[in-house]
Amino acid sequence: MKSEVNPLEVENLTFAYDGRTVLRRVSLQLMPGEVLGLIGPNGAGKSTLLRLAAGFFRPNAGTVRLFGRPPTQWPPRELARQVALVPQGAYVPPTFTVWESVLLGRTPYLGFLGVPREADRAAARRALEWVGMADLSERLMGELSGGERQRVLLARALAQEPRCLLLDEPTTHLDIHHQVAILSLIRRMALEHGIAVLVVLHDLNLAATFADRLALLVDGTLVALGDPREVLRPERLTAVYGNAVAVFPRPDNGGRPAILPRVA
Amino acid sequence: MPSSRSRPLSGDSHLKGDCHLNLFRRRRWLFLALALGLLLVTATLGMAWGAVSIPPGAVLRIVGQRLGFAAGAADWPPAWGTILLEIRIPRVVLAGLVGMTLAVAGAVYQALFRNPLAEPYLIGVSSGASFGATLAIVFIWRFGWGGWNGVSLAAFVGALAATGAIYSLARVGGRTPVTTLILAGVAVNALLSAATVFLMFSMQDAFRAMHVLGWLMGSLALADWEKVRTVLPYVLAGLALISWHAHTLNVLQLDEEQAQSLGVAVERTKGLLIVAVSLATAAAVSVSGAVGFVGLIVPHIVRLLWGPDHRFLLPMSGLVGAICLILADSAARTLFSPRELPLGVVTAVAGAPFFLYLLRRQKREVF
């Protein structure tokens, strides 16, 4: 029954914060097994949209539905088994070990006294292996590099065994090796486990390479939604970002666009 | 991703510290058993030491006989039995309970407010209890209720009232931001301390002024079984509720957004835990007076050595807190016998240098 409902359905969503309208009549759907990239200039409302999907705020108008039900109406534990969120630059105390941090992802499954069962340990171990951090599970969070930290946060989200993953810029401050590693893993999770992924990305080329579809948000309005080849038109990007760009189709990647700035 | 493994690690000194730390963290359940053993030894010694010194062996035999374990004739002076059962044992038990409660409460407050300076007294428990107790002493309140005498009851009510006032003053639009809470706490504490000092100042009776001063610095000199019975239900209920939320406290170490996305009802859980921890601390402080430092330092020491997992941090802090306060109280009543040192003086003088030593030795971030 539930599998027939889309993981995320946003309809005519309007949201204002401190008297400022952050999102205006945004509508989009997220399908199972799909990676939807959310792009747009700074302050366009990308992170806010993610938070609304996670149920942190109530919309002023319009609806957000997660598996058919507004996220603010799910019981918190139930919701956390459906959706995992990795906020940008999420804080984890430096004295936590990697293992302890990932095991926190099992919180919505733990029973009385919060003692992890074998199934919980197995899920945490599996998540650590997926992100390639199994050997570092006894390290302290304070000793990790930025890329390792990010992979631990992703592992924690995967340990939640969610059907929908909300990621806020999971690749900022990472070198290209780790950017590709993280985004490839996210794609694999979507393909192999049918997880629906809504991911905020800053880097247009990464978005063009790894997302199935892109949503371009400008000043709280959704100006384009669809295939990266459709969304990333040079004239549109030039207008939106205020900087002339050239867009080339990549022969190695099904003609997906590569974006380069033009120098005046 | 094999390449990440060959990545240079950030400094060898970290690794050495890590190995040292991991000895503690890997074997932490063994350390918990050791601490439990140490608590029993400390309690026995606490019962043995005093104006009349009783050999620890005799303490064990007297307690054993009383509990019905050991048969055999009583080969000790009858006074020993009376001293132990009527004076020392309730005092040691009460010291253990108060130390355990303050230390666990400190760990809970530090986690709830994600602030290393948080402690039981920050949100008014101490200043409220002190003000209540001072009122009761100044106006010689003799009423009681259940097992409570006037001073303890006034302290208990004062502690809860001050905590409630600070918490509701700090609420902004259904949320309780940590900084607002801490600032409201500082302000209300200052006001209540001033009121307490004014009451003392306006007193003409030097004896009662000393009584107030003694209370403010903490003392277990008036311990008896009645006090143990009175305090126990609140302490046990509070600690049980806290233990039940040990894992949630781990999650709350993250920011509130992450805690919520992991399925924790953040505001509701925080409210529940604050009620639990305030009841337990208010009860403890109402019989011991404002014993400082245990609630602040013990959880930090435990966290430094064994890490931040509250499923371990809470019981270990409880045991270490109990051990520390039994030792401190034994020192308080024996060092300058027959005069008693204020308990708060002992805990601060012994606790601060040890804590500073640990803090300096640890080269990493501690919270």
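In chain B, helix α13(B) packs its Val294(B), Val298(B), Pro299(B), Ile301(B), Val302(B), Arg303(B) and Trp306(B) against Phe312(B), Leu313(B), Met316(B), Ser317(B), Val320(B), Gly321(B), Cys324(B) and Leu325(B) of α14(B); contact here means C-beta atoms, placed from the backbone, within 7 Å. Sorted by class, that contact has 12 nonpolar, 2 polar and 1 charged residues. Ala, Val, Leu, Ile, Met, Phe, Trp, Tyr, Cys and Pro go down as nonpolar, Asp, Glu, Lys and Arg as charged, and the others, Gly among them, as polar.

A word on what you're looking at: this is a predicted model, where local features need pLDDT of at least 70 and side-chain atom pairs count only at pLDDT 80 or more, while totals for chains, interfaces and linings use all residues. Residues are numbered from 1 along each chain as its sequence is written, with chains lettered from A and ligands numbered from 1 in the order in which they are written.

Back to that helix pair. α13(B) covers residues 294-306 and α14(B) residues 310-334, and their axes come within 9 Å, crossing at roughly 125 degrees. That angle makes α13(B) oblique to α14(B). Axes are lines fitted to C-alpha atoms, for helices over the stretch in contact, with angles from 0 to 180 degrees between N-to-C directions. Under 35 degrees is roughly parallel, over 145 roughly antiparallel, 65 to 115 roughly perpendicular, and the rest oblique. Helices (H or I, at least four residues) and strands (E, at least two) are DSSP runs, numbered from the N terminus.

Staying in chain B, look at Leu160(B) in helix α6, residues 150-170. Leu160(B) counts as buried because it has 22 C-beta neighbours inside 10 Å; the cut-off is 20 or more, with 12 or fewer for exposed and partly exposed in between. Setting aside neighbours within four places in sequence, Leu160(B) touches Ser278(B) and Ala282(B).

Over in chain A, strands β1 (residues 8-17) and β2 (residues 20-30) run antiparallel, joined by 7 bridges; pairing takes at least two DSSP bridges. Val10(A), for one, has Leu28(A) as its bridge partner in β2(A). The hairpin has 2 residues between the strands, and Asp18(A) takes a positive phi near 55 degrees.

Finally, where the chains meet, 32 residues of chain B contact 34 residues of chain A. On the chain B side, α1 (12-26), α10 (246-252) and α11 (256-261) each supply at least two residues, and α10(B) gives the most, with 5 residues. That side divides into 9 nonpolar, 14 polar and 9 charged residues.

Note on methods. Contact = placed C-beta atoms within 7 Å.
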